Amino acid sequence: ASDLEDDKETAVAIAADEDERVALAKRFDLAGLPSLRAAVRLRRSGSMISVSADIEADVVQTCVVSLEPVASAIRERATRLYIEANGEDEEDALDEVVVDVGQDDPPERIVEGMIEIGEMVAEEMGLLLDPYPRHPDAALPPPEEDDPDDGEARDHVEDDQGDVHRTLLTAAPAKGRVGGTVGAMKIEPGV
């Protein structure tokens with residue numbers, strides 16, 4: 001970080017090798033990570049350094065329904081701010097940063113004069129992963145038909161005389177469950 005000149009952009013290209021991709025796939029619970037690379041730009045402005053990375057990753061996740069592999073591509077730009085604390089009072093330097101709640105995250109601290117660009121790219125890739133990947137052919141089983149004796153909630157019931165009662169909450173006892181009708185009201189015509 002100390003090598004960066006003020007108000008001058010520095011460009012760096014990084015790519016994860018096979019061992020790094022295997023480790024990242026394990027870290028992010030991926031079925032595979034065929035590629036991960038980023039075009040990174042750094043710009044210093046005083047003690048602040050802006051890092052912008054155009055991230056490209058080909059990932060393979062596991063379908064949440066069928067457990068089949070789901071391949072996808074990530075193509076995103078991520079930006080982070082870092083602050084370099086010069087001198088003995090690093091905490092004082094961080095205290096001087098004004099943070100607007102409506103804006104991006106506050107700047108991260110530069111540790112021992114280094115910015116871990118690879119870690120930034122890995123973290124951003126992890127944030128961009130689909131939390132519920134689904135294979136295009138995956139289908140959930142159709143919902144089961146309502147069985148009046150299954151203990152599931154119903155929006156109405158009919159009594160012995162054929163009067164309809166609206167059930168507010170029903171949890172009839174069923175195989176090891178505790179419950180019962182909590183409330184019902186009779187629907188009167190004209191009310």
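Predicted model: local features only at pLDDT ≥ 70, side-chain atom pairs only at ≥ 80, totals over all residues.

Residues are numbered from 1 along each chain as its sequence is written, and side-chain values use heavy atoms, with hydrogens and water left out.

**The whole chain**

Begin with a cartoon view, which shows three helices and eight strands. These are DSSP runs numbered from the N terminus, helices being H or I with at least four residues and strands E with at least two. Read from the N terminus, the order is β-α-β-β-β-α-β-α-β-β-β. Of the 191 residues, 27% are buried; buried denotes under 20% relative accessible area, exposed over 50%, and partly exposed in between, with a 1.4 Å probe and protein chains only.

**The core**

Next, select Leu33 and Leu36, the residues with the most contacts inside the largest nonpolar core, which has 27 residues. Such a core is a set of buried Ala, Val, Leu, Ile, Met, Phe, Trp, Tyr and Cys residues joined through side-chain atoms within 4.5 Å. Two or more of its residues come from each of helix H1 (18–27), strand S2 (32–45), strand S3 (48–62), strand S4 (69–83) and helix H3 (117–128). S3 provides the largest share, six residues.

Now show the surroundings of Leu36. Neighbours within four places in sequence aside, Leu36 has contacts (heavy atoms within 4.5 Å) with residues including Ala15, Leu24, Ile55, Val121 and Met125.

**The second largest pocket**

Which residues line the second largest pocket? Select Ile14, Ala15, Ala16, Glu20, Leu24, Arg27, Leu36, Arg37, Gly118, Glu119, Val121 and Ala122. A pocket is an open set of points on a 1 Å grid over the protein atoms alone where a 1.4 Å probe fits, with protein on both sides within 12 Å along at least five of seven lines; lining residues have an atom within 4 Å of a point. The volume, the space filled by probe spheres set on points joined across faces, edges and corners, is about 200 Å³. H3 gives the largest share of the lining, four residues.

**A loop residue**

Finally, select Met114, in the loop between strand S5 (108–109) and H3. Met114 is exposed, at 58% relative accessible area.
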